[in-house]
Amino acid sequence: MDTVSVNKFRDNLKKLVEQSLRDHEPLRVTRRSGDDFVVVSAEDWEREQETLYVLQNSKLMQQIAESTKTHAERNGYTPTKEQMDEITGV
């Protein structure tokens, strides 16, 4: 994560925000008071929040682990051709 001072951020606001949006990289902005803040796109923020939700949901994590195991063992559910066509939109 790149870091800039609040003064540099203020002087280059448009450029730095555009860079953060384009590169999908958060930007830490430091202040003399020590209270830093982070600039991140709304899309990236929402993705991070969804990831945190999944990681904090023990039942969902258990389902993912079971699914990974059955996939590795190749003994999970196999959809029919019609179901696959519906899933893939064919």
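This note sets out numbered points on a predicted model of a single chain.

1. Overall composition. The chain contains 5 helices and 3 strands. Taken in sequence order, these elements follow the pattern β-α-α-β-β-α-α-α. The radius of gyration is 21 Å, well over the 12 Å that the globule rule gives for 90 residues, so the chain is more spread out than a compact globule.

2. Dimensions and burial. Along the principal axes, the C-alpha atoms occupy a box of roughly 60 × 35 × 15 Å. Of the 90 residues in the chain, 10% are buried. When contacts between residues at least 6 apart in sequence are considered, 33% of them join residues at least 24 apart.

3. The 3 strands are arranged as an open sheet in the order 1-2-3, with mixed pairing. Strand 1 (2-5) and strand 3 (37-39) are at the edges and have a single partner strand each, so one side of each lacks a neighbour in the sheet. From one strand to the next, the twist averages 30°.

4. Pairing of strands 1 and 2. Strands of a sheet pair through backbone hydrogen bonds, either parallel or antiparallel. Here, strand 1 and strand 2 (residues 27-30) pair in the parallel sense, over 4 bridges. Within this part of the sheet, Val4 is placed opposite Val29 of strand 2.

5. Ser20 and its surroundings. Ser20 belongs to helix 2. Its relative accessibility is 4%, which is under the 20% limit, and Ser20 therefore counts as buried. Leaving aside residues up to four places away in sequence, Ser20 touches Glu25, Pro26, Leu27, Val39 and Val40. One of these residues, Val39, has its backbone oxygen 3.5 Å from a polar atom of the Ser20 side chain.

6. His24. Most residues other than glycine have a negative phi. His24 is classed as partly exposed, at 37% relative accessibility.

7. Helix 4. Helix 4 spans residues 58-73 and comprises 16 residues. From the first C-alpha to the last, helix 4 reaches 22 Å, close to the 22 Å expected at 1.5 Å a residue. At the start of helix 4, a side-chain oxygen of Asn57 comes to within 3.2 Å of the backbone nitrogen of Lys59.

8. The end of helix 4. Which residue takes a positive phi just after helix 4? The residue is Arg74, with a phi of about 55°. Arg74 is a residue other than glycine, and its place is in the loop between helix 4 and helix 5 (81-88). Arg74 is exposed, with a relative accessible area of 75%.

9. As to accessibility, His24 is partly exposed, whereas Arg74 is exposed.

Notes:
Residues are numbered from 1 along each chain as its sequence is written. This is a predicted model: local features need pLDDT of at least 70, side-chain atom pairs count only at pLDDT 80 or more; totals for chains, interfaces and linings use all residues. Side-chain values use heavy atoms; hydrogens and water are left out. Helices (H or I, at least four residues) and strands (E, at least two) are DSSP runs, numbered from the N terminus. The expected span of a helix is 1.5 Å times one less than its number of residues. A polar contact is a pair of N or O atoms within 3.5 Å; within protein, one must be able to donate a hydrogen and the other to accept it, and residues adjacent in sequence count only if both atoms are side-chain atoms. Two strands pair if DSSP finds at least two bridges between them. Axes are lines fitted to C-alpha atoms, for helices over the stretch in contact, and angles run from 0 to 180 degrees between N-to-C directions. Buried means under 20% relative accessible area, exposed over 50%, partly exposed in between (1.4 Å probe, protein chains only). Contact means heavy atoms within 4.5 Å. The radius of gyration is taken over C-alpha atoms; the globule rule is 2.2 Å times the number of residues to the power 0.38.
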